[in-house]
Amino acid sequence: QEDGFSAIVSVFCGRISDAGEDPVEYAAYAKKVFACSPHVKILWASFREVRDVVKSIEGGCDIITIPPSNFGKLKNIGKDLGTYSLETVQMFYNDAKASGFTIPLGEASRQLVNQNGNANGSAKRQRSSQWWDRVAIYADGAEMSKLADCPHYVRGFTTNPSICRGAGISDYMGFCKSFLESLQKDHHDKPLSLEVFADDLPTMEKQALELASLGRNVFVKVPVTNTQGVSTVPMVERLSRAGVKLNVTAVFTKKQMDELANAFSPQEDGFSAIVSVFCGRISDAGEDPVEYAAYAKKVFACSPHVKILWASFREVRDVVK
């Protein structure tokens, strides 16, 4: 038409991604089809996550539609991941403090290795879908009624102080014990990650021992750093040697992964440590989270007792990624 730009092709990239396909491939194909039609623009439709902006550029899209409620998140694109890690730890700490959470510190047993319990999530499950066998699905939340009704393919559970605050929980230890009782009844002692929230490392270590003493299927979530940027790796090493099963959380950078490389001691019952890579937030910063997850997998390639966890879910295709 005389006034130039006159047509849009809306490629529903979000829904393509929901089906497990790579939407960048489809956007790029559309761009190729209309390469000789400058009056036609390619639009990335059905927004799912902040990194869609970066992916739309990679796919050659001209336009992307974004719900206004997500505009505030766009400021995260390009954010330094080390800073983002600290901000995430600060969020957990602030939410725990605001909710008045406490972990009473007593004489937690240090004979953790000899406690009975099954923490490998190896209860028999129906084999119904190939992807269930390639990646373990953990339910992340704090609403007990919803967690009790999780599908059979859920093989573990996680929570954090921010989620607990959002669920209106006021008695943190009471919640932790109730959660464990529910798992013993309905989910065969599958792994449960419970998080410390002290900011000084000595208290954080004591809290970790208290949480670990609740059961052998407990993986204690410890942030890779405190809010002051002090590494928790030496403490992680001590706790692991003491037999505590750990989930080191708020991991964002390759440097943090390298520092954790030799932190986890093997334990008699095998699987004993998790490294939670915050892929959703890494993606929010415009980085490719697959690169960071793959790097973590490489770092721990010779540590079969350590599992890599893709944290901060953003979209269905995260399962495929």
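Reader: How many aromatic pairs does the structure hold?

Author: A pair of aromatic rings is described by the distance of the centres and the angle of the planes. For this predicted model, the number of aromatic pairs is ten.

Reader: Is the pair of phenylalanine 157 and phenylalanine 179 stacked or edge-to-face?

Author: The ring centres of phenylalanine 157 and phenylalanine 179 lie 6.0 Å from each other, with 70° between the planes. Planes over 60 degrees apart count as edge-to-face. The pair is therefore edge-to-face.

Reader: Which helix and which strand does this pair link?

Author: Phenylalanine 157 and phenylalanine 179 are 22 residues apart, and the pair links distant parts of the chain. Phenylalanine 179 belongs to helix 8 (residues 172-186), and phenylalanine 157 to strand 5 (residues 154-158). The elements are helix 8 and strand 5.

Reader: Is phenylalanine 179 buried or exposed?

Author: The relative accessible area of phenylalanine 179 is 1%. Buried means under 20%, so phenylalanine 179 counts as buried.

Reader: How far apart in sequence are the parts that phenylalanine 252 and phenylalanine 278 tie together?

Author: These two residues form a stacked pair, 5.6 Å centre to centre with 25° between the planes. Phenylalanine 252 lies in the loop between strand 8 and helix 11, and phenylalanine 278 in the loop between strand 9 and helix 12. The pair therefore ties together parts that are apart in sequence by 26 residues.

Reader: Over which ring does the charged end of lysine 254 sit?

Author: The charged end of lysine 254 is 5.3 Å from the centre of the ring. That ring belongs to tyrosine 292.

Definitions and conventions:
Residues are numbered from 1 along each chain as its sequence is written. This is a predicted model: local features need pLDDT of at least 70, side-chain atom pairs count only at pLDDT 80 or more; totals for chains, interfaces and linings use all residues. Side-chain values use heavy atoms; hydrogens and water are left out. Rings of Phe, Tyr and Trp (its six-membered ring) pair if their centres lie within 6.5 Å; planes under 30 degrees apart count as stacked, over 60 as edge-to-face and the rest as tilted. Helices (H or I, at least four residues) and strands (E, at least two) are DSSP runs, numbered from the N terminus. Buried means under 20% relative accessible area, exposed over 50%, partly exposed in between (1.4 Å probe, protein chains only). A charge sits over a ring if NZ of Lys or CZ of Arg is within 6 Å of the ring centre and within 35 degrees of the ring normal.
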